[in-house]
Amino acid sequence: MRLSGRFWPTLRDAPADAEAVSHKLMVRAGLVRQLASGLYSFLPFGLRSVHRVTAVIREEMDRIGAQEFQLPVMHPAEIWEATGRYGLDEQFRLEDRGGRAMVLGMTHEEIITWHAAREIRSYRDLPQSWYQFQTKLRDEPRPKSGILRVREFTMKDSYSLDADEAGLARSYEAHAEAYARIFDRCGLEWYMVESDVGMMGGMGAHEFMAPSPAGEDTIARAPSGAYAANVELATSVAVDPDFGPTPASAEAFATPGIGTIDELAVFTGLPAGRLCKSVVVVSDDGPVLALVRGAHALHEKKLSHVVGRHRPAQPDEIRAWFGAGPGSLGPVGVEGVRIVADATIATGHYVTGANRDGEHLRGVVLGRDFDAELADIRTVLAGEGCPVSGEPLELEPVIEIGNIFKLGTKYSDPLGATYLAADGQERSIVMGSYGIGPARVLAAAIEQSHDDAGIVWPKALAPFDVHIVLVGEAASPQAAFADALYAQLSDAGLAVLLDDRDGTKPGEKFVEAELLGCPIRLTIGKRTLPDGPLEVQVRRGRERNDVPLHGAAAAIVALLGQVR
RNA sequence: CGGGACGUGGCGCAGCCUGGUAGCGCACCGGCUUUGGGUGCCGGGGGUCGCCGGUUCGAAUCCGGCCGUCCCGACCA
């Protein structure tokens, strides 16, 4: 592409409200513009990169035998009612002119399953893998970080249909391998981690995570790679404090004005791990007292797996149930309240609230002084033991770029997607679903690969392979040479951008080229002719790699093959 | 949904506290200059100061309400 006359708006400054590096650079480099909160337009150069990721994804999906569909974005509400997913908070809902309830799709399990229910009849029709690139709409409570968390975005979503769980396992594995190839080809650093099934429901899930400080998720990971999981479900071997001898009985003591774990630790001189944190929530079935060590944080999502939906308790509710304020709560002598303790509480003896203001108990022992259900409800801390290898776990912020779910029959049952097995029995199709956010892949690549001058695109994602900066006027010999080289490189199959703008200063061209970040930049000016060499800059590291004029095109093709 | 901040030409910002009718840099247009790292000089165009209402002789500035955007938390395939 010749740049002159084309639309490529770059910015010297990033918008004031951009925070994430990828957000700033995508806007500055003229790839995207914001329409409203969580709504972004891709501009021509940004769209070129989108096309490149989607091409990689499409190739790898096709390679595992998946077939491409295109499903509607707007759906009748009844299908979502059938699976119990109508009315979710983040679901956009509307009515057609006849008053019929419609939804805008946040994902397409229901629609795929609806089609499968109509078309798949026999085990001979299975397995199938169906995919699409389609717009998803989600009324996010808080769009953020540029393109990382938005209300409308394109997703590659695929769905596997199998006769049984063994088949699902094969489809799942095929997708995991395809995803590995996709993210490798895109030049990303990534991990596959165990993940929570969330609103998808189902039997198991993994997420593909690109490490980045801009990430919204956190994973716990053993340095050897023996274990990696989203902290939403990560487990660990906790480090026990030195409890000393266990007292024969619990004993009350005065703690005037003490309300927090920090204050209690200072007051008692004990490490936070020997204190017991008491958190009161209200579930659909009534009040719940959740207990974790003072050094630990309660994980809401893990608690949800035990007690279901819940909300924090109000101070007046707490006083009614416990007879004390939030600063002096504990499990001893409590009646009519469900008590869930983190598994670590089963070891040792603790200081807890006495359920009398300004008073605590020491030497409190689970099983002797109170009873509780045991569960994993704490957030893993960095340095705690890996459940597989025992290594100290590391916590790392990550961007979720893909996920894979074993759905089982969660959707096929309610929507009647069944087939006739070889034995003549009617069975439900066993399903999986698999997502990738192409725009997130781009943002993650930029987060992981940039420098002070701008984006450093992995070659698979760059809008162009080669960016030629022409220093010289339109009628000059340099321009003629640039034209010739442009034609040769294009003929060799490369995507080439020729900055042939007249009246744009060389300095500006260089700065903009580095902002955009294509893998190779060529500079053609007076120094180039007649004898060369041709000045070549590899964007990653900004190294010079000059080549002789003779055979320059072939040398550049070869060089491109070597860069990441 | 809770907490915080911001909203002034396309972008980045000052002015607001202490009311007197809008300014700077970049970008843009014209001229000259310059042609290997956002060139230099000269001259221009462009803003109902987010919206509505109130106070006042007078509001970008003070007060109230609303809207928008961002950040932290909650939430989130």
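How many residues of the surface near RNA strand B are nonpolar, polar and charged? The surface divides into 16 nonpolar, nine polar and 19 charged residues. Here Ala, Val, Leu, Ile, Met, Phe, Trp, Tyr, Cys and Pro count as nonpolar, Asp, Glu, Lys and Arg as charged, and the others, Gly among them, as polar.

A quick note before the views. This is a predicted model, where local features need pLDDT of at least 70 and side-chain atom pairs count only at pLDDT 80 or more, while totals for chains, interfaces and linings use all residues. Residues are numbered from 1 along each chain as its sequence is written, chains are lettered from A and ligands numbered from 1 in the order in which they are written, and side-chain values use heavy atoms, with hydrogens and water left out.

**View 1. Chain A as a whole.** Chain A has twelve helices and 31 strands; these are DSSP runs (H or I, at least four residues, for helices; E, at least two, for strands), numbered from the N terminus. Its C-alpha atoms fill a box of roughly 95 × 65 × 50 Å along the principal axes. Of the 564 residues in chain A, 52% are buried, and buried means under 20% relative accessible area (1.4 Å probe, protein chains only).

**View 2. The surroundings of RNA strand B.** There are 44 residues around RNA strand B, and the closest are Arg 138, Arg 142, Arg 149, Met 155 and Glu 535. Sugar and phosphate account for 50% of the RNA strand B atoms that come within 4 Å of the protein; a residue counts as near if one of its heavy atoms lies within 4 Å. Helix H11 (506-516) is among the elements that supply at least two residues each, and H11 gives the most, with seven residues.

**View 3. Polar atoms facing RNA strand B.** A polar backbone atom of Ala 16 is 2.7 Å from a phosphate oxygen of the RNA. For Ser 145, a backbone N or O atom lies 3.3 Å from a phosphate oxygen. Glu 508 uses its side chain: an N or O atom there is 2.8 Å from a base nitrogen of RNA strand B.

**View 4. Glu 232 in its loop.** Look for Glu 232 in the loop between strand S12 (228-230) and strand S13 (251-254). Because its relative accessibility is 16%, Glu 232 counts as buried. Its side chain joins that of Lys 301 in a polar contact of 3.3 Å; a polar contact is a pair of N or O atoms within 3.5 Å, and within protein one must be able to donate a hydrogen and the other to accept it, with residues adjacent in sequence counting only if both atoms are side-chain atoms.

**View 5. Helix H1 against helix H9.** Helix H1 (residues 21-28) and helix H9 (residues 438-448) pack at an angle of about 105°, with their axes 8 Å apart. Axes are lines fitted to C-alpha atoms, for helices over the stretch in contact, and angles run from 0 to 180 degrees between N-to-C directions. H1 and H9 are therefore roughly perpendicular, a label for angles of 65 to 115 degrees. Val 21, Ser 22, Leu 25 and Met 26 in H1 meet Leu 442, Ala 443, Ile 446 and Glu 447 in H9, where contact means heavy atoms within 4.5 Å.

**View 6. Ala 445 in helix H9.** Ala 445 lies in helix H9 and is buried, with a relative accessible area of 2%. The C-alpha atoms of Ala 445 and Cys 186 are separated by 7.8 Å, although these residues are 259 apart along the chain.

Definitions and conventions:
Buried < 20%, exposed > 50% of the residue type's maximum accessible area, 1.4 Å probe, protein only. Parallel < 35°, antiparallel > 145°, perpendicular 65-115°, else oblique.
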